[in-house]
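Open the model in your viewer and keep the selection tool ready. This tour tells you what to pick next and what you will find there.

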Amino acid sequence: MAAETAPPTLVTTDLTVGGMTCAACVRRVEKKLGALEGVTATVNLATGRARVEHPAHLGTASLVEVVEKAGYAASVPAPTAAAESEVEEEQPRERFGQRLLVTALLAAPVLLLSMAPSLQFRNWQWLCFVSAVPVAFWSAWPFHRRALRGLRHGAATMDTLVSLGVLASFSWSAYALLLGGAGHPDMRMPFTLLPGASHGVAHIYLEATVGVPLFVLVGRRLEARARRGTAAALRSLAELGVKEVTVQEGSTERLIRAEQLGVGQVFVVRPGERVATDGVVTDGTSAVDLSLVTGETRPVEVSAGSSVTGGAVNAGGRLLVRATAVGGDTQLARITALVAEAQAGKARAQRLADTVAGFFVPAVLTVAATVLGFWLGAGADVQPAVTACVAVLVVACPCALGLATPTALMAATGRGAQLGVLVSGPQALEALRRVDTVVLDKTGTLTSGRLDVTAVTAREHGLTAEEALRLAANVESGSEHPLGRAIVAHARGSLGEDAVRPQALSGFRATPGNGVQGNVEGRAVAVRAPGEELPGALGSALAGALEAAHTPVVVHVDGRAEAVIALGDVVRAGSYRAVDRLRRLGVRPVLVTGEDAPARAVAAALGVEEVHVRRTPQQKAAFVRSLRQEGRRVAVVGDGVNDAAALAGADLGIAMGTGTDVAIGAADVTLVRDDIEALPDAVRLARRTLATIRGNLLWAFGYNAVTVPLAMVGLLSPMPAAAAMSLSSVLVVLNSLRLRHWQPAPAPAGRPRFPEQRPANPFFPESTRL
């Protein structure tokens with residue numbers, strides 16, 4: 001028996017495609033690339049990029065050759081150009097601006113004289129003709145060139161329509177001037193926006209000859225500027241990179257290029273400078289601003305041992321940082337790559353629009369020829385017949401169809417990245433909009449995933465809570481137990497670094513399973529597990545900690561119980577608001593976890609009514625499948641390896657950015673900032689984005705549905721048709737651009753929908769107090 005042939009290895013390649021002007025171009029490039037065996041391609045008009053999945057043996061040179069044979073320019077983008085999401089005309093931007101300026105200067109007198117009969121002087125039409133010749137051939141040459149190139153490849157695009165419209169109006173005007181009597185020195189021509197019979201008055205259409213290229217070029221210019229705006233967030237991420245960095249080698253410092261920095265090297269970050277790459281602080285204390293990287297609005301305090309992210313701004317003191325990741329392995333590079341990948345995708349609605357556009361231009365050419373024949377066959381003059389035909393050619397451009405979705409996606413994914421929400425692509429946005437159930441993990445998702453002090457309660461007529469905490473932290477400074485480290489860290493954060501002085505500790509002794517004891521400032525201090533009945537407030541605090549599934553320890557000073565310290569996995573600051581806002585959005589929260597009592601306590605505190613405890617990773621995945629079988633659209637939020645199966649099996653997987661690489665890899669959406677409140681923001685952004693896309697497509701289809709019939713029946717002449725066509729594309733892009741300024745909803749006024757259950761305590765973290 002012959003051995004089975006292994007399937008070819010597939011790789012993904014990005015290509016920059018030049019010369020595309022409308023959705024018909026997109027459709028043609030996708031069709032040509034897709035004709036290759038084993039190749040699938042997604043082309044984005046707004047970014048000018050093609051994402052091609054192809055067998056590894058098929059080189060990029062073959063892909064470039066196919067695109068060029070289709071009539072378009074193609075190249076493999078340089079790695080440093082990944083953030084350049086906008087694509088201009090084939091000529092440089094400066095030459096484009098020069099062409100537009102010359103066209104405007106030449107077109108101005110033609111438009112003025114043609115539209116104002118009172119200004120027409122002897123032989124005015126010949127002046128207009130001389131001005132129109134360079135516009136018809138030089139200014140409109142990019143349209144003619146691409147139309148000819150498409151003709152050679154059997155394709156018709158927007159440039160075909162514009163080129164035919166310009167040539168038709170110019171040819172008729174030349175005929176009227178040279179052979180039709182319009183060249184008489186004393187000829188006067190009335191102006192009307194509606195085509196009609198000449199009634200013996202010679203009529204020329206030089207205003208359409210110059211107006212069509214002028215308005216299309218202006219529209220392209222405005223459109224290009226607006227499209228650059230939709231990619232501003234991605235460019236701002238790229239600009240966060242540092243070009244030079246100061247590295248420390250022993251007692252000396254030297255300046256090197258950022259790309260020369262290696263893992264393990266120590267570099268200096270002075271106040272006001274950006275952190276060059278991901279790393280760990282080895283010396284110094286400061287506050288770093290992560291707002292442009294993760295959307296975190298408040299500066300984060302860092303000191304020795306703290307992790308810092310490349311691109312963050314050092315807002316305080318001098319830091320020494322040891323690099324832990326460089327180049328494409330950094331968090332900033334991964335964020336930029338994820339955003340770029342998301343913008344390369346295509347929503348289902350856009351695929352339909354591109355398919356329609358592929359047949360749209362040939363249909364318009366057929367309609368234009370039919371209109372011309374019908375008008376002439378009905379006995380109309382040649383002039384209104386030609387005018388109606390040209391108006392149909394000019395007004396029916398599928399440009400807005402091609403821009404409707406990608407511009408909205410570019411703006412939305414960029415804005416999401418600024419707010420700390422990374423979306424893998426348009427399919428994830430569509431799924432996020434439809435989600436009605438969110439399955440939440442507890443540890444690392446609703447809670448911080450680390451042990452922390454939740455309450456410090458002192459006995460009546462004894463030491464204060466501050467004093468008891470300080471003494472407990474000093475005796476615990478000799479311990480490596482997680483409970484001890486949590487108490488020390490909380491004391492330093494609440495009372496200051498000077499509150500804990502290991503040198504003040506003597507006679508330290510640890511008893512496994514019971515606690516620690518020692519002498520601090522001449523006092524015998526012990527921190528032990530509870531073993532005896534405690535009086536008054538201490539007894540109540542102990543019972544409350546056990547009820548909340550927290551771990552209590554008792555602080556004894558000179559043989560007397562002075563305080564109870566409760567420790568637990570602290571609920572994230574935004575979890576309360578996130579759960580409440582999800583309910584307000586019509587999304588049902590469900591808590592599914594492997595724990596029992598702690599999970600029930602967290603659910604009760606957050607007001608999550610549906611709780612499933614003691615679930616293994618396999619049971620989590622099975623539970624998600626059962627919800628989907630009920631017809632619910634399910635999103636799963638998690639951060640650990642145990643969540644990966646459930647994340648992959650849901651309609652939408654959402655990973656916490658502080659979670660494991662396995663969880664992030666299985667997710668469709670990543671919440672970069674350490675705040676689950678970004679989840680309802682992501683849902684609202686997805687809904688706004690899909691609403692914007694629907695509005696864009698409705699406008700694009702509705703525009704053609706209205707203007708083409710008006711042009712067919714002679715109610716729209718070529719010049720306003722050109723203005724309307726250009727305006728349609730600009731309006732679509734400007735509508736998408738509004739997503740750049742989208743803001744998360746403020747916290748709802750009033751109390752949450754679940755009751756406050758925890759009493760105020762000066763040592764309970766304010767951000768986690770109900």
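Select E22, helix H20 (residues 597-606) and E23: together they make a right-handed β-α-β unit. Right-handed means that, with the strands pointing away from the viewer, the path from the first strand over the helix to the second runs clockwise. Helices (H or I, at least four residues) and strands (E, at least two) are DSSP runs, numbered from the N terminus.

This is a predicted model, in which local features need pLDDT of at least 70 and side-chain atom pairs count only at pLDDT 80 or more, while totals for chains, interfaces and linings use all residues. Residues are numbered from 1 along each chain as its sequence is written, and side-chain values use heavy atoms, with hydrogens and water left out.

Of its 5 residues, 4 are buried, so the strand is largely enclosed by the rest of the structure. Buried means under 20% relative accessible area, exposed over 50%, and partly exposed in between (1.4 Å probe, protein chains only).

Strand E15 (residues 437-440) runs parallel to E22, joined by 4 bridges. Strand E23 (residues 610-612) is also parallel to E22, with 3 bridges. Two strands count as paired if DSSP finds at least two bridges between them. Click Leu 591: Leu 440 stands opposite it in E22, and Leu 591 in turn stands opposite Val 611 in E23.

**Arg 581**

Step back to helix H19 (residues 575-584) and pick Arg 581. Is Arg 581 buried or exposed? Arg 581 is buried, because its relative accessible area is 7%. Draw a distance to Ala 745. The two C-alpha atoms are separated by 9.4 Å, although the residues lie 164 apart along the chain.

Select helix H17 (residues 482-495). Its 14 residues should span 20 Å at 1.5 Å a residue, and its end C-alpha atoms are 20 Å apart, which agrees. The expected span is 1.5 Å times one less than the number of residues.

Colour the buried residues of H17, among them Leu 483, Ala 486, Val 488 and His 490. The buried residues pack against E16, helix H16 (465-476), strand E20 (551-557) and strand E21 (560-571). Just past the helix, Gly 496 takes a positive phi of about 105 degrees.

Next, pick Asp 452 in strand E16 (residues 447-458). Asp 452 is buried, because its relative accessible area is 18%. Which residues does Asp 452 contact, leaving aside neighbours within four places in sequence? They are Ala 486, His 490, Ala 566, Leu 567, Gly 568 and Val 570. Contact means heavy atoms within 4.5 Å.

**Two positive phi values**

Most residues other than glycine have a negative phi. Go to the loop between E20 and E21 and find Asp 558. Asp 558 has a positive phi of about 55 degrees although it is not a glycine. Asp 558 is partly exposed, with a relative accessible area of 47%.

Then move to the loop between helix H3 (93-115) and helix H4 (124-139), where Asn 123 sits. Phi of Asn 123 is near 65 degrees, again positive in a residue other than glycine. Asn 123 is partly exposed at 31% relative accessible area.

**An open sheet**

Select the 6 strands E6-E5-E7-E13-E8-E11: in that order they form an open sheet with antiparallel pairing. Its edge strands are E6 (252-257) and E11 (307-308), each pairing on one side only. Strand E8 (residues 279-283) is joined to E11 by 2 bridges. At that pairing, Val 280 has Ser 307 as its bridge partner.

**The cores**

Show the largest nonpolar core, which has 130 residues. A nonpolar core is a set of buried Ala, Val, Leu, Ile, Met, Phe, Trp, Tyr and Cys residues joined through side-chain atoms within 4.5 Å. Helix H24 (residues 678-712) gives the largest share of this core, 12 residues. A second, separate core of 28 residues includes Val 456, Ala 458, Leu 483 and Leu 567.

**Where to be careful**

Finish by colouring by pLDDT, the predictor's confidence in each residue, from 0 to 100. The chain averages 78, and 81% of the residues score at least 70. Where pLDDT is low, the predicted coordinates should not be read in detail.
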